[in-house]
Each structure stands twice: as structure tokens, then as C-alpha cells.
Amino acid sequence: MAHILIVDDEINIRKVVREYAEFEGYDVTEAENGMEAVNLCHINDYDLVIMDVMMPRLDGYSACKEIRKTKNIPFIMLSARGEEYDKLFGFEIGVDDYVVKPFSPKELMARIKVVLKRNTRAEEEAKSGRYVFEGLEVDISGREVYVNGQRASMTPKEYDLLFFLVKNKNIALSRDRLLEEVWGYDFFGDDRTVDTHIKMLRNSLGEYRKFIVTLRGMGYKFEAL
């Protein structure tokens, strides 16, 4: 069964989450701040981290970024702040889900199951390099894309852009990051370059353009289960 790390400076929250998680059969470890979580992740492997945002010594976002330098672990963030900006910031740094306090422990358990299942599927897809979303098939290893069984004809940059979006599915990606990762640090373009290629890519994907979601004022996300 999955091993979960619960990180929160409020002992009562850790106690409640632990009780429900252990009832679901998960193995649970606790940490009371971000620094302790970083140290634990350096010496142990976890299948999921549930991390509070506002904590002493090291906040949740900083701890998440530090852990992600060496471990590819899914994160569910807990926060009393539910503003769109906070959620987008979390998703941009790779957070898998965001739960606003106060929350229902049962709902949190449901979200844990979804994230763990999604992560298992993502690992299998990453190994094969082949992703399927309804009638859209993306074969990164073979550098091919099929729309309802028909091979799509796209420009090299459309392929590069789609492959990067898919490999980072459900993660908010800023235009600047897309420029850096897809076009390179030495590219002298601007945001319009990304927007133009997104428009071209959406046209190439037809009805499956729906998977490429625009994040107002920020960038894009490939959103799919």
C-alpha cells in the first residue's frame, strides 16, 4: 500500500488526516514543518506528500520545490487561502492537487486515490512514451500523433509543443517556460510566438483542442485524466 507523508504544523490536522489515511490502508509518516519534510524525503521514498502551505521554518511551496529537485513525488497542498493566484502558483511548480481548509477528510481521501491512480498511469505512460486521450493518441517515442485513427500532419514545433504539454499534463505552464523549454533559452521571440503555435496546434488537433486549456494572464495547460 502507498506510503504517505503528511506535513502540517497543526497537530490536530495531522492526527485527523492520519486517522482517515490509515483507515484506508495507507502507511503514514508525519512532519511538522517544511524543513523536516525535506530531510525525510532525502532519506525515504514516499508515494504522495500532503503538504500545508503556511508553515514555520520552510513554507510548503519552498519545500515542494526543494524536494522536487531529487524526487518526483506527487503533492497535494493544503491551504487556508483559496485565491486563484495561489492555486495557479502551486500548479505551476508541479503540485498535483490543491485543497482549501477547512476540508472534508473524506473528500481528501478521494483526492488521494485520484492522484495516486493518475501518478501510476503517468509512470506507465512515461515508460512507453505513448499517451491516449479519448481519440487522441500521442506517441512521443515514435514522434507521431493520431486524431481519431488518422495521422496528424504538424510542423516540428507543433510536435515539440504538444509533446512538452503532454509530458507535463495537468501542470500550469507559463508562456515564458514554454518559450524556454520548447524554443530554447537563446530564442529571441515573445509571448505571441507561443500563442500563435498554440492556435496552430489546436487546429491540428480538431475536437481534441479541448485538452489545451488557456490560463488567463499566465499560459496554458494540457488538462486530461
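**Entry 1: second largest pocket.** I looked up the lining of the second largest pocket and found F91, D96, D97, A110, R111, V114, R118, N170, K221, E223, A224 and L225. The model is predicted; local features need pLDDT of at least 70, side-chain atom pairs count only at pLDDT 80 or more, and totals for chains, interfaces and linings use all residues. Residues are numbered from 1 along each chain as its sequence is written, and side-chain values use heavy atoms, without hydrogens and water. A pocket is here an open set of points on a 1 Å grid over the protein atoms alone, where a 1.4 Å probe fits, with protein on both sides within 12 Å along at least five of seven lines; lining residues have an atom within 4 Å of a point. I noted a volume of about 200 Å³ for the second largest pocket, taken as the space filled by probe spheres set on the points, which are joined across faces, edges and corners. Its lining divides into five nonpolar, one polar and six charged residues (Ala, Val, Leu, Ile, Met, Phe, Trp, Tyr, Cys and Pro count as nonpolar, Asp, Glu, Lys and Arg as charged, the others, Gly among them, as polar). Helix α5 gives the most to this lining, four residues (helices are DSSP runs of H or I with at least four residues, strands runs of E with at least two, numbered from the N terminus).

**Entry 2: largest pocket.** I then turned to the largest pocket, whose volume is about 620 Å³. Of its 23 lining residues, N72, K167, N168, K169 and I171 are the closest to the centre. The lining holds eight nonpolar, five polar and ten charged residues. I found at least two lining residues from each of α3 (60–68), α5 (105–128) and α6 (156–167); the largest share, six residues, comes from α5.

**Entry 3: sheet.** I recorded an open sheet of three strands in the order β10-β12-β11, with antiparallel pairing (two strands pair if DSSP finds at least two bridges between them). β10 (173–174) and β11 (212–215) stand at the edges with a single partner strand each, so one side of each has no neighbour in the sheet. β10 pairs with β12 (residues 219–222) over two bridges. Helix α6 packs on the sheet and touches β10, β11 and β12, its direction making about 70° with that of β12. Contact means heavy atoms within 4.5 Å; axes are lines fitted to C-alpha atoms, for helices over the stretch in contact, with angles from 0 to 180 degrees between N-to-C directions.
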